[in-house]
Amino acid sequence: MKRNRYIILVLFFVCSVYLFELYVLSPATENNRESLDKKYKTLQQYEYVISGSGTIEDELKVLIAGMKNIEKRLIAEKSDFLASARVQREISGLAGKAGLNIAVTRPLNAVKLNDYSAIPVYFEGNGNIKQVSEFLKSVEANPLILKIDKLSLNITNMQKPDELRFKIQISGLSRI
Amino acid sequence: MPKILGVNIDSGSLHASLIDSTFRSVKHMKSERLGLPENRDERNTAMLAALMKWQKEYMPAGVVFGLPLQYFSWRTIEMPAMKRVDMTRALFFELEKYLPLPMDEYIYDFLPTGRGVTAPNMLKLMVFSIKKELLNGLLKIAKDAGMEILSVRCSTTDILCGVMDIAGEKKLEGIFVNSTDDAYEIAGLHDSRPLYIKRVPKTADLKDELETLAINYPGQLYVTGQVEQSVTGKFNSRKFQILAPDLLASSFVKKTYLNLNFLPEEFIKQKKDYYPYIIGGLAAAAILVFILTGVTAWYKDRRALEELEAKLSKLKNRASGVIEVRKKFELLQNDRSVLSDFRNKSNISVRALNELSKILPKDAWLISISIDDKGKVELEGFAARTAELVVALEKSKAFNNISFSAPITARNGEERFALKMEVGEF
């Protein structure tokens, strides 16, 4: 009777050990290994990132410096409306200097480009080719970055070929 | 059990040998022969003195006694086949028929010698018995000498075993003769088993005895001890020089083929049965190894994981700073690409106009031009030969995909054209 009890106890112990191994230890080991694998990959990524940190920081400094130089030439006005007014003022000034006659000015909707807004303004007017050329040169040389989106030149009166009708859409860039 | 003393007690002498036994291998150390007086008390005193001397000088772990056939009675009987333990019990009752004193007065042991003839399941046994009184006297001497008694044996059968070992024959067939102090001990052998045993006094004619026996047990004559050449010369004989006490001790250690032990039960040390403990221990060890393997694997992985996590947490702060910087860098790169794109496209119209003014032939002039920031250009104008204009435009790398947007119309020697194209490389 006592011997049977011992045998049952031993069997119970062996079964418990086996079940513990099967349902507790093995899954825990498996989880550990999965975590190890995942974390090792993360560690490698961190090490890779850290190893390149010096270069990135240097490149960032250069980039920031370059960006600062460019951003000086953006429209500083805070709203799109004010920015549009600034573009109109600039273009009118340049056209006036070139001797062009602007008949129509039409501000267009701003277009979002990442952290920037392109502020387009449409102009229509007339002048001769020299005046147009002067105007375009001054647009290119302007301290503000201005982009000519569309340009159209037409001779409306064939009897007066020097007279050109121009339609031009120019955008300035402002930081949002 | 390193040292064992083997003592062969003959009628007129005591021959003792000390052996060193380790893991059932036996090494002879020393032997000594001592003459024994005929008077019983003197004889016992001499034996006690000899054993005490051995005990004092060599401290053997125990003593194995060997007695010649003269102390035993023996007979061949048939018994049904059964286990050795059961056979020993059965013999207790069976031997009552053959022995003069009550069975309690004897110690007995047996050798199976072959199949019985009375029934198919019967076994032939050679049963040896010795009086307890005689044994007790011997054991008392050993006790008084301070020795532990390991075994009491029949020296004749142990000597026969020694002969079997060194004869180099698979099965001994014939007659075995052992010469003691005052008698010849003769055994008829078949299949290495002693089927017939007789003790012949030295005064009797050995030759006649052997000739009679040779009829029933043909084969060789195996001789140990002093036997006259005139007797052995008549037979195909082999002589063996054997140290009887050495054989007694080594027979006890090695558990020989003819193993007889006449030590009373009260002197037999009960051997502890270690088998269940060994099995249990091995099973426990197997379970332990099973658990330990799993636990070790888990522990190692866990430890590695903890080390990795510690390393990660150290690197995380540094890395997160770098990752922030990298993100910032990527955002700034995106912004810069927007700015670069914006700047690059800012003067497409001016450059296109500039190129056109260089390419256009002198006899060509434009009445309309439109350019957008995607590089699409549309021209309208007059030329003496539009084809020349097209060739000039094609030659220039500044424009691609040149095509007519309207048919060419000619009037007054001039052609009116409408072209469209895309700005290429400047």
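## Where chain A meets chain B

In this predicted model, helix 2 of chain A touches helix 8 of chain B, where contact means heavy atoms within 4.5 Å. From helix 2 of chain A, the residues involved include A:I56, A:L60, A:L63 and A:M67, and their counterparts in helix 8 of chain B include B:V322, B:F329, B:L332 and B:R336. By class, this contact has 11 nonpolar, two polar and seven charged residues. Here Ala, Val, Leu, Ile, Met, Phe, Trp, Tyr, Cys and Pro count as nonpolar, Asp, Glu, Lys and Arg as charged, and the others, Gly among them, as polar.

Axes are lines fitted to C-alpha atoms, for helices over the stretch in contact, and angles run from 0 to 180 degrees between N-to-C directions. Helices (H or I, at least four residues) and strands (E, at least two) are DSSP runs, numbered from the N terminus.

## A sheet in chain B

Now for chain B: three strands form an open antiparallel sheet in the order 5-7-6. Strand 5 (72-80) and strand 6 (106-115) stand at the edges with a single partner strand each, so one side of each has no neighbour in the sheet. From one strand to the next, the twist averages 25°.

Strand 6 pairs with strand 7 (residues 122-131) over nine bridges; pairing requires at least two bridges found by DSSP. Look for B:F110, which stands opposite B:V127 in strand 7.

## Reading the numbers

Residues are numbered from 1 along each chain as its sequence is written, and chains are lettered from A in the order in which they are written. Local features need pLDDT of at least 70, side-chain atom pairs count only at pLDDT 80 or more, and totals for chains, interfaces and linings use all residues, while side-chain values use heavy atoms, without hydrogens and water.
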